[in-house]
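Q: Could you walk me through a couple of spots in this model?

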Amino acid sequence: PVRVGLVRLAGGRVVVVWTFHHLLLDGWSLPLVLSDVFAAYAGEELPRRRPFADHLEWLSGRDTESGLAYWRRVLEGVEGPTALPYDQAPRDVRTARSTARLPRELSVEQTRRLRDFARSRRITLNTLVQGAWALVLSAWSGQRDVVFGATTSGRRAEVAGMDSAVGLFINTLPVRVGVEPGVPVVRWLRALQEAQLEAREYDHVPLHRIQAETLGAQTPLFDSLVVFENYPVDTEAARAHGITVERVDADEATNYPLTLAAYDGDHIRL
């Protein structure tokens, strides 16, 4: 489930190729594990982290039935996944694999303008990305009512210490967006953000249960996934041990036909 390769380059530089199954840990856990590696490299005592089992215990105490009732209401009337412009429709979304990557980067200036726009309207960058994706899906599918998937962190503020725990906390949930050309864009984005804040109260419900309750176990709710990554890498911890982290790249594979991954930073990468 875990492989690590070290590639030594000229000038004392090293590329670390770290491959692991998503079952073990999520993106938020990456800098935590790296921080422990840096501490171990320096011979320091590792920090005590809250065990992942505590998260599982918290999950077991959630009210799944009220969560399912919420998702039935949100997805009422949805008859199938929003159509993508396939050349061949996927036979089984659960066995799909990515075949190509198309990287794009916004400039520092473009990223700054987006941040200024979002900050001045009290909208998150994640909401901007989801809103943009909803418009793309609507344009290509010809539908005003679109559904796509989005990952959630799964780390609840009311459970102390979970922000520094290592494990797989994320969940994937449906996002339903009505595209209404007559509504001003800021009002539309705020409504999308408020809906996502409400959905966060029910983000503990497993996706397969939501799907079974709405469309049935064999019909997927969506064929596209949006992942917004904004977890920090503690480069200061590395520098304190004489290591300089130049760049961190993540290459994830999902089982959805189309995935949009947005990485926050000095310039947004897509």
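Q: At roughly what angle do the axes of helix H3 and helix H7 cross?
A: This is a predicted model, where local features need pLDDT of at least 70, side-chain atom pairs count only at pLDDT 80 or more, and totals for chains, interfaces and linings use all residues. Residues are numbered from 1 along each chain as its sequence is written, and side-chain values use heavy atoms, with hydrogens and water left out. The axes of H3 (residues 64–74) and H7 (residues 207–214) cross at roughly 55° and come within 10 Å; axes are lines fitted to C-alpha atoms, for helices over the stretch in contact, with angles from 0 to 180 degrees between N-to-C directions. Helices (H or I, at least four residues) and strands (E, at least two) are DSSP runs, numbered from the N terminus.

Q: Which residues meet there?
A: From H3, Thr 64, Glu 65, Leu 68, Trp 71 and Arg 72 meet Arg 209, Ile 210, Glu 213 and Thr 214 of H7, where contact means heavy atoms within 4.5 Å.

Q: New topic: where is Arg 155, then?
A: Arg 155 lies in the loop between strand E3 (145–152) and strand E4 (171–178).

Q: Is Arg 155 buried or exposed?
A: Arg 155 is buried, because its relative accessible area is 14% (buried means under 20%, exposed over 50%, partly exposed in between, with a 1.4 Å probe and protein chains only).

Q: What does the side chain of Arg 155 reach at 2.6 Å?
A: That side chain of Arg 155 reaches the backbone oxygen of Met 162.

Q: And which residues does Arg 155 touch?
A: Not counting residues up to four places away in sequence, Arg 155 touches several residues, among them Trp 28, Ser 164 and Phe 169.

How values were computed
A polar contact is a pair of N or O atoms within 3.5 Å; within protein, one must be able to donate a hydrogen and the other to accept it, and residues adjacent in sequence count only if both atoms are side-chain atoms.
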